[in-house]
Amino acid sequence: MLEKWKKKNTEDKIIDVVIYLFCTLVLFITIYPFYYILIISFNEGIDASLGGIYWLPRKFTLDNYSDFFTDTKWLNGLWVSVLRTVIGTGLSVMLTTLVAYGLSFRHLKGRKIYMVLIIISMYFGGGIIPYYTLLRTLGLINTFAVYVIPGALNTFFVLVGIAFFEDIPPSLRESAKIDGATEINAFRKIILPLSKPYVATCVLFVGVNQWNNWFDTAIFVRDKTLSTLSFLMMQVINSTQVSATAPEHGISIASTTTTLSIQAAAMMVATLPIICIYPFLQKYFVSGIMIGSVKE
Amino acid sequence: MSKGKVTGCKYFHALKKQFSLQIFVWVGLIYLFVFSYLPMVGLVMGFKDYDIVDGVWGIFTSEWVGLKYFKEFVNDVMFERLVRNTIAISVLKMIFTFPMPIIFAVMLSEMRSLKYKKLVQTCSYLPHFISWVVVAGISFHFFSLKGIINTLLVNTRLLQEPISYLSDKDLYWAMAVFLDVWKEMGWWTIVFLAAIAGVNHELHEAAAIDGAGRLKRIWHITLPSIKPTVVIVLILAIGNLFGGGLSGSNFEQSYLLGNSMNSETSDIIQTYVYEVGLSQGRYAYATAVGLIQSVISLILILNCNFISKKISGSSLF
């Protein structure tokens, strides 16, 4: 190791040092904020508001989490978030992959026009007010359906899917059809198993979008029982924004927790599923996303 | 005549053969029609004297007022502030958020330890998957008056008085850009790193034999090789310039981090559309204001695409 290092010239050494310093800095800046929220979520809220906690909880407690998981407001939000993520992702991935599969046939009649219609919709839209008017007309405002129906077709992943399916040899589908399989069965039993990278990428992205979305609750839903976890966290931020000028944190009576410390626990609950899932899907989405961005 | 009949028959025969496939696609097209194209029809609101009490059909039956709302926006007291903030935040993001992933990708590709490289890379795009709500929540814990940054700086006597980063109008732009870089740098690095991985190794070896140093090789081999990818990503970013570039984060940032203390620099056209439209119920006016931004974005992306097709041959469509 040392021998190798001595052999290098000065330019090499300087570059190596700069790279390692920079990358380590990036690593720290990325990870530490999550770690900090983690330790705050395990620290007594009133104590945490005094500041000075950097590496470990000072007064360890599970109160923030027990308050989170016994509060019906937070629990309900978590449930709605899980529900919309599961249903919304299932629906969206089904629709998106089917449309992409259909469009991946070069001989499909009208393919050119369909593609143009999709691409136009990606770069131009009616904007938020006409969209709101439409959803109100359709009776989707203030319903659970507004979370899962309007956004189900993901045009970006339709394009990614087309590029992906085009690379699957057509003979596979044809032989299945000669054996008497219907189109949908050929797709389900032959094509889908070969498309794991694409489907996994699709599931990850649509799922994360569903899980993270707070904006649709903010504008389309007034019913409190339909509030999602993200939306509830957003409300806490909005209420603490006020105290950004007068540094007093909301303190709940006869408890060691504060709004901010429960918020920290909520953030960990919201972040944990993502941290657990994305490293395992990594190998899929790195190739999946490349198909989309490199395609001419 | 008979020939037309035959091709017509053939056409229907082909259509019948691909019936299921057509059904798949048409389900999507109906979706597209309802949720993308119907709202575009709704854009006529921006040219009409429409009020919510008129109901949906009022959109079509109300009187035309031409460009009234567009003129009203230009004369709006907020106009200057909104346009200035929207342009400034967007351009600042282009300057800082766009080059960072390229620099980071080059650094990662030059790293010798593959394990460490993988660790840094995997961690670096975690924030991409985290919602802006959580990012705003984290930044509150870090940057508020009693946040960890202020406590640290005051305790070490680097600061006399804590700075309220999140409610200072002179700091909002910097915060917006910083948080955007923090959240999205690692993600876009993936695309550039993949492009760098495709560069021919022999080029590097040949250059090394000819005595080119590492910096020279990066400059003359790595960077020119990934130019097509850079161009494509650049078009994408410029196409969404006023949405906030690659990540399109302007609206969420402004909504979550904007407050009465920094509104002078955090108010942007998109939040204004939301505010006047949905909170004040001035649908027609808000639609017109929103339309201005979409049209400018469309013109931008078409031009970029055209120019890049001419110059470098790579384009989106």
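Predicted model: local features only at pLDDT ≥ 70, side-chain atom pairs only at ≥ 80, totals over all residues.
Me: Let's begin with the contact between the chains. How is the size of an interface often given?

Reply: Often as the accessible area lost when the parts come together. Here you can go by residues instead: chain A brings 78 residues to the contact and chain B brings 78 residues.

Me: Which elements of chain A give two or more residues to the side that touches chain B?

Reply: They are helices, among them α2 (10–41), α5 (72–103), α12 (196–212) and α15 (259–294) of chain A. The most comes from α2(A), with 15 residues.

Me: And by class, what does the side of chain A that touches chain B have?

Reply: Sorted that way, there are 52 nonpolar, 21 polar and five charged residues on it.

Me: Now the backbone. Where is A:Asn142 placed?

Reply: Look in the loop between α7 and α8 (145–148) of chain A. A:Asn142 is not a glycine, yet its phi is positive, at about 65 degrees.

Me: Why does A:Asn142 count as partly exposed?

Reply: Partly exposed lies in between the cut-offs of 12 or fewer neighbours for exposed and 20 or more for buried. A:Asn142 has 14 C-beta neighbours inside 10 Å, so it counts as partly exposed.

Me: What about B:Arg157: is it buried or exposed?

Reply: B:Arg157 counts as exposed, because it has 7 C-beta neighbours inside 10 Å. You will find B:Arg157 in the loop between α10 (148–155) and α11 (172–197) of chain B. Phi is positive for B:Arg157 too, near 60 degrees, in a residue other than glycine.

Technical notes. Residues numbered from 1 in each chain as written. Chains lettered and ligands numbered in written order. Contact = placed C-beta atoms within 7 Å. Helix = DSSP H or I, 4+ residues; strand = E, 2+ residues; numbered from the N terminus. Nonpolar A, V, L, I, M, F, W, Y, C, P; charged D, E, K, R; others polar.
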